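Student: Please take me through this structure. I will ask as we go.

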Amino acid sequence: MIDTPHTIAENLRKKLQGMKNAGVNDLIVDKKAAKLATMAKQKRIKNDLKAAPSKAAPSQKTINAGAVFVESQAAKKLGAYGGERAKRLAQMARDVANCAQCQLCSVRTQTVYSRGNPNSPLMFIGEAPGADEDAQGFPFVGRAGKLLDDIVAKGMQYNPDDVYICNVLKCRPPNNRNPEPDEIEACRSWLEAQIEIIDPVVIVAWGKFSAQWLLQSDAPIGKLRGRMWDVGGRKVVCTYHPAYLLRTPSAKTETWKDVQIVMDYFGRGKPLPMRV
Ligand code: SF4
(Lines give C-alpha, C1' and ligand atoms only; values in the text may rest on other atoms or scores of the structure.)
Protein backbone atom coordinates (compact mmCIF):
# COMPACT_ATOMS: atom_id res chain seq x y z
CA MET A 1 0.00 0.00 0.00
CA ILE A 2 1.32 3.46 -0.89
CA ASP A 3 1.45 5.94 1.99
CA THR A 4 -0.47 9.20 1.52
CA PRO A 5 1.41 12.51 2.00
CA HIS A 6 -0.50 12.93 5.25
CA THR A 7 0.67 9.51 6.55
CA ILE A 8 4.26 10.26 5.54
CA ALA A 9 4.11 13.65 7.31
CA GLU A 10 2.57 12.10 10.43
CA ASN A 11 5.22 9.34 10.55
CA LEU A 12 7.97 11.91 10.11
CA ARG A 13 6.51 14.09 12.85
CA LYS A 14 6.37 11.11 15.23
CA LYS A 15 9.94 10.16 14.36
CA LEU A 16 11.18 13.72 15.01
CA GLN A 17 9.24 13.87 18.28
CA GLY A 18 10.84 10.56 19.30
CA MET A 19 14.29 11.94 18.52
CA LYS A 20 13.50 15.09 20.48
CA ASN A 21 12.35 12.99 23.45
CA ALA A 22 15.62 11.10 23.17
CA GLY A 23 17.56 14.36 23.54
CA VAL A 24 18.29 15.28 19.92
CA ASN A 25 17.88 19.05 19.69
CA ASP A 26 19.52 19.89 16.37
CA LEU A 27 19.29 18.41 12.90
CA ILE A 28 21.53 19.26 9.99
CA VAL A 29 19.16 20.15 7.17
CA ASP A 30 20.10 19.60 3.55
CA LYS A 31 19.16 23.12 2.38
CA LYS A 32 19.57 22.26 -1.29
CA ALA A 33 17.15 19.32 -1.00
CA ALA A 34 14.69 21.46 0.98
CA LYS A 35 14.84 24.20 -1.68
CA LEU A 36 14.28 21.70 -4.49
CA ALA A 37 11.29 20.22 -2.60
CA THR A 38 9.79 23.71 -2.16
CA MET A 39 10.29 24.54 -5.85
CA ALA A 40 8.65 21.25 -6.85
CA LYS A 41 5.68 21.99 -4.58
CA GLN A 42 5.25 25.50 -5.97
CA LYS A 43 5.43 24.14 -9.53
CA ARG A 44 2.77 21.55 -8.67
CA ILE A 45 0.44 24.25 -7.29
CA LYS A 46 1.00 26.41 -10.40
CA ASN A 47 0.30 23.43 -12.70
CA ASP A 48 -2.85 22.57 -10.74
CA LEU A 49 -4.07 26.14 -11.16
CA LYS A 50 -3.26 26.12 -14.89
CA ALA A 51 -5.13 22.83 -15.29
CA ALA A 52 -8.25 24.30 -13.69
CA PRO A 53 -11.08 25.20 -16.10
CA SER A 54 -10.51 28.94 -15.87
CA LYS A 55 -7.71 31.11 -14.51
CA ALA A 56 -7.98 32.80 -11.12
CA ALA A 57 -8.29 36.51 -11.77
CA PRO A 58 -6.05 38.35 -9.29
CA SER A 59 -8.57 40.96 -8.23
CA GLN A 60 -11.82 39.17 -8.70
CA LYS A 61 -13.58 36.24 -7.03
CA THR A 62 -13.56 33.13 -9.20
CA ILE A 63 -14.24 29.48 -8.54
CA ASN A 64 -11.98 26.83 -10.04
CA ALA A 65 -12.86 23.20 -9.53
CA GLY A 66 -14.75 24.19 -6.38
CA ALA A 67 -11.96 26.28 -4.86
CA VAL A 68 -12.49 30.01 -4.25
CA PHE A 69 -9.58 32.28 -5.14
CA VAL A 70 -9.69 35.92 -4.05
CA GLU A 71 -6.87 38.43 -3.87
CA SER A 72 -5.38 38.60 -0.37
CA GLN A 73 -6.40 41.61 1.72
CA ALA A 74 -3.43 41.03 4.01
CA ALA A 75 -0.95 41.15 1.13
CA LYS A 76 -2.07 44.69 0.32
CA LYS A 77 -1.67 45.83 3.94
CA LEU A 78 1.67 44.08 4.37
CA GLY A 79 2.91 45.82 1.25
CA ALA A 80 2.67 49.12 3.14
CA TYR A 81 5.27 47.97 5.67
CA GLY A 82 8.87 48.22 4.58
CA GLY A 83 11.48 45.53 5.07
CA GLU A 84 12.22 41.96 4.21
CA ARG A 85 9.67 40.39 6.59
CA ALA A 86 6.78 42.33 5.09
CA LYS A 87 7.92 41.51 1.57
CA ARG A 88 8.17 37.77 2.22
CA LEU A 89 4.89 37.68 4.15
CA ALA A 90 3.05 39.60 1.43
CA GLN A 91 4.25 37.08 -1.14
CA MET A 92 3.17 34.20 1.10
CA ALA A 93 -0.24 35.82 1.65
CA ARG A 94 -0.70 35.81 -2.14
CA ASP A 95 0.34 32.13 -2.27
CA VAL A 96 -2.08 31.27 0.55
CA ALA A 97 -4.86 32.99 -1.41
CA ASN A 98 -4.28 30.31 -4.09
CA CYS A 99 -4.17 27.43 -1.61
CA ALA A 100 -6.44 24.47 -2.26
CA GLN A 101 -4.76 22.02 0.08
CA CYS A 102 -7.87 21.19 2.08
CA GLN A 103 -11.63 21.14 1.70
CA LEU A 104 -12.05 24.60 3.24
CA CYS A 105 -10.83 26.18 -0.01
CA SER A 106 -14.27 25.62 -1.52
CA VAL A 107 -16.35 27.12 1.31
CA ARG A 108 -14.31 30.25 2.11
CA THR A 109 -15.20 33.73 0.95
CA GLN A 110 -11.49 34.45 0.98
CA THR A 111 -8.36 33.46 2.88
CA VAL A 112 -7.59 35.20 6.18
CA TYR A 113 -3.83 35.55 6.47
CA SER A 114 -2.86 38.08 9.15
CA ARG A 115 -3.08 41.59 10.49
CA GLY A 116 -0.66 43.76 12.42
CA ASN A 117 2.99 44.70 12.25
CA PRO A 118 5.32 42.05 10.78
CA ASN A 119 8.25 43.58 12.72
CA SER A 120 6.63 42.94 16.08
CA PRO A 121 8.41 40.76 18.65
CA LEU A 122 4.95 39.63 19.81
CA MET A 123 2.85 37.21 17.76
CA PHE A 124 -0.71 36.10 18.53
CA ILE A 125 -2.05 32.86 17.09
CA GLY A 126 -5.74 32.07 17.25
CA GLU A 127 -7.81 29.20 15.92
CA ALA A 128 -9.56 29.91 12.62
CA PRO A 129 -11.49 32.71 10.92
CA GLY A 130 -15.14 33.25 11.84
CA ALA A 131 -17.89 34.87 9.78
CA ASP A 132 -16.61 38.47 10.19
CA GLU A 133 -13.05 37.46 9.40
CA ASP A 134 -14.15 35.45 6.36
CA ALA A 135 -16.08 38.49 5.12
CA GLN A 136 -13.33 41.06 5.74
CA GLY A 137 -10.17 39.01 5.11
CA PHE A 138 -8.43 39.80 8.42
CA PRO A 139 -8.21 37.79 11.66
CA PHE A 140 -9.92 38.85 14.89
CA VAL A 141 -12.17 41.58 13.50
CA GLY A 142 -15.48 40.44 15.02
CA ARG A 143 -16.68 40.61 18.64
CA ALA A 144 -13.87 38.35 19.83
CA GLY A 145 -11.40 40.56 17.98
CA LYS A 146 -12.78 43.66 19.68
CA LEU A 147 -12.24 41.99 23.05
CA LEU A 148 -8.72 40.99 22.02
CA ASP A 149 -7.92 44.58 21.03
CA ASP A 150 -9.30 45.80 24.38
CA ILE A 151 -7.08 43.34 26.25
CA VAL A 152 -4.06 44.59 24.29
CA ALA A 153 -4.83 48.31 24.40
CA LYS A 154 -6.45 48.75 27.82
CA GLY A 155 -4.83 45.87 29.66
CA MET A 156 -1.37 45.45 28.19
CA GLN A 157 -1.06 49.12 27.14
CA TYR A 158 0.20 48.17 23.67
CA ASN A 159 -1.11 49.38 20.35
CA PRO A 160 -3.02 46.41 18.83
CA ASP A 161 -1.52 47.33 15.43
CA ASP A 162 1.92 46.65 16.91
CA VAL A 163 1.14 42.95 17.40
CA TYR A 164 1.29 40.42 14.54
CA ILE A 165 -1.92 38.34 14.57
CA CYS A 166 -2.87 35.21 12.65
CA ASN A 167 -4.63 31.85 13.02
CA VAL A 168 -3.83 28.15 12.80
CA LEU A 169 -6.23 27.89 9.83
CA LYS A 170 -6.38 30.48 7.08
CA CYS A 171 -9.89 29.57 5.92
CA ARG A 172 -13.18 29.54 7.80
CA PRO A 173 -14.62 26.16 8.82
CA PRO A 174 -18.34 26.10 7.96
CA ASN A 175 -20.66 27.27 10.75
CA ASN A 176 -17.60 28.03 12.91
CA ARG A 177 -17.12 24.35 13.69
CA ASN A 178 -13.84 23.22 15.20
CA PRO A 179 -10.92 22.68 12.80
CA GLU A 180 -10.50 19.05 11.70
CA PRO A 181 -7.10 17.40 12.28
CA ASP A 182 -6.49 16.97 8.54
CA GLU A 183 -7.21 20.68 7.96
CA ILE A 184 -4.74 21.65 10.67
CA GLU A 185 -2.14 19.39 9.09
CA ALA A 186 -2.81 20.75 5.59
CA CYS A 187 -2.39 24.31 6.84
CA ARG A 188 0.63 23.54 9.06
CA SER A 189 3.33 24.59 6.59
CA TRP A 190 1.81 28.08 6.15
CA LEU A 191 1.88 28.81 9.88
CA GLU A 192 5.34 27.31 10.27
CA ALA A 193 6.59 29.61 7.51
CA GLN A 194 4.88 32.63 9.10
CA ILE A 195 6.59 31.93 12.43
CA GLU A 196 9.93 31.46 10.71
CA ILE A 197 9.64 34.82 8.92
CA ILE A 198 8.25 36.82 11.87
CA ASP A 199 10.78 35.17 14.20
CA PRO A 200 8.80 36.36 17.26
CA VAL A 201 10.30 36.61 20.72
CA VAL A 202 7.00 35.73 22.40
CA ILE A 203 3.98 33.92 20.98
CA VAL A 204 0.60 33.99 22.70
CA ALA A 205 -1.60 31.04 21.80
CA TRP A 206 -5.26 32.04 22.11
CA GLY A 207 -7.31 28.89 22.67
CA LYS A 208 -6.65 25.19 22.74
CA PHE A 209 -6.02 24.65 19.02
CA SER A 210 -3.07 27.02 18.76
CA ALA A 211 -1.80 26.01 22.23
CA GLN A 212 -1.85 22.32 21.31
CA TRP A 213 -0.33 23.09 17.90
CA LEU A 214 2.57 25.01 19.41
CA LEU A 215 3.25 22.68 22.33
CA GLN A 216 2.52 19.48 20.41
CA SER A 217 0.23 18.44 23.20
CA ASP A 218 -3.30 17.16 23.52
CA ALA A 219 -3.72 18.55 27.03
CA PRO A 220 -6.68 20.91 27.62
CA ILE A 221 -6.02 24.64 27.56
CA GLY A 222 -6.60 24.81 31.32
CA LYS A 223 -3.48 22.69 31.80
CA LEU A 224 -1.36 24.60 29.26
CA ARG A 225 -2.08 28.15 30.42
CA GLY A 226 -0.65 29.97 33.41
CA ARG A 227 3.07 29.78 32.61
CA MET A 228 5.67 30.67 30.00
CA TRP A 229 6.93 27.79 27.88
CA ASP A 230 10.18 27.58 25.99
CA VAL A 231 9.63 26.16 22.51
CA GLY A 232 12.67 26.01 20.26
CA GLY A 233 14.13 29.14 21.82
CA ARG A 234 10.87 31.10 21.70
CA LYS A 235 8.65 31.95 24.63
CA VAL A 236 5.07 30.71 24.42
CA VAL A 237 2.16 31.70 26.67
CA CYS A 238 -1.20 29.99 26.26
CA THR A 239 -4.55 31.36 27.34
CA TYR A 240 -8.26 31.18 26.62
CA HIS A 241 -9.65 32.23 23.25
CA PRO A 242 -11.45 35.61 23.33
CA ALA A 243 -14.60 33.91 21.95
CA TYR A 244 -14.56 31.65 25.03
CA LEU A 245 -14.11 34.72 27.25
CA LEU A 246 -17.23 36.25 25.68
CA ARG A 247 -19.17 33.12 26.62
CA THR A 248 -17.45 32.71 30.00
CA PRO A 249 -16.59 36.16 31.42
CA SER A 250 -15.39 34.59 34.70
CA ALA A 251 -12.37 33.19 32.80
CA LYS A 252 -11.13 36.72 32.09
CA THR A 253 -9.34 36.71 35.45
CA GLU A 254 -7.19 33.78 34.34
CA THR A 255 -6.46 35.39 30.96
CA TRP A 256 -5.45 38.61 32.70
CA LYS A 257 -2.92 36.59 34.72
CA ASP A 258 -1.60 35.06 31.48
CA VAL A 259 -1.15 38.35 29.64
CA GLN A 260 0.66 39.78 32.66
CA ILE A 261 3.29 37.06 32.15
CA VAL A 262 3.92 38.57 28.71
CA MET A 263 3.95 42.13 30.09
CA ASP A 264 6.47 41.14 32.74
CA TYR A 265 8.67 39.53 30.12
CA PHE A 266 8.84 42.69 27.99
CA GLY A 267 8.95 44.97 31.03
CA ARG A 268 5.77 46.51 32.41
CA GLY A 269 5.03 50.00 31.22
CA LYS A 270 7.62 49.77 28.46
CA PRO A 271 6.65 49.85 24.77
CA LEU A 272 7.10 46.71 22.72
CA PRO A 273 10.65 46.55 21.36
CA MET A 274 9.77 46.68 17.64
CA ARG A 275 12.37 45.41 15.16
CA VAL A 276 13.21 46.52 11.62
S1 SF4 B 1 -7.31 26.15 5.52
FE2 SF4 B 1 -5.14 26.32 5.00
S3 SF4 B 1 -4.66 24.41 3.91
FE4 SF4 B 1 -6.90 24.63 3.91
S5 SF4 B 1 -7.32 25.67 1.94
FE6 SF4 B 1 -7.16 27.26 3.55
S7 SF4 B 1 -5.02 27.94 3.43
FE8 SF4 B 1 -5.14 25.98 2.36
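**Ligand shell and sheet**

Student: By class, which residues does the shell around the ligand have?
Tutor: The shell has 8 nonpolar, 1 polar and 2 charged residues. Here Ala, Val, Leu, Ile, Met, Phe, Trp, Tyr, Cys and Pro count as nonpolar, Asp, Glu, Lys and Arg as charged, and the others, Gly among them, as polar. This is a predicted model, in which local features need pLDDT of at least 70 and side-chain atom pairs pLDDT 80 or more, while totals for chains, interfaces and linings use all residues. Residues are numbered from 1 along each chain as its sequence is written, and side-chain values use heavy atoms, without hydrogens and water.

Student: And which residues surround the ligand?
Tutor: Val96, Cys99, Gln101, Cys102, Cys105, Arg108, Lys170, Cys171, Ala186, Cys187 and Trp190, near meaning that a heavy atom lies within 4 Å.

Student: Which helix gives the most to that shell?
Tutor: Helix 7, residues 181-198, with 3 residues. Helices (H or I, at least four residues) and strands (E, at least two) are DSSP runs numbered from the N terminus.

Student: Now the sheet: what is the strand order?
Tutor: The order is 4-3-5-7-6 in an open sheet of 5 strands with mixed pairing; pairing requires at least two DSSP bridges. Strand 4 (164-167) and strand 6 (228-231) are the edges, each pairing on one side only. On average, neighbouring strands are turned by 25° against each other, direction ignored.

Student: Which helix packs on strand 3, strand 4 and strand 5?
Tutor: Helix 6 (residues 143-156) touches these strands, contact being heavy atoms within 4.5 Å. Its direction makes about 150° with that of strand 3; axes are fitted to C-alpha atoms, for helices over the stretch in contact, and angles run from 0 to 180 degrees between N-to-C directions. Helix 8 (residues 208-215) lies across strand 3, strand 5, strand 6 and strand 7, at about 135° to strand 5.

Student: In what sense do strand 6 and strand 7 pair?
Tutor: They are antiparallel, over 4 bridges. Asp230 stands opposite Lys235, and Met228 has Val237 as its bridge partner. The two strands form a hairpin with 2 residues between them, and Gly232 in the turn has a positive phi of about 55°.
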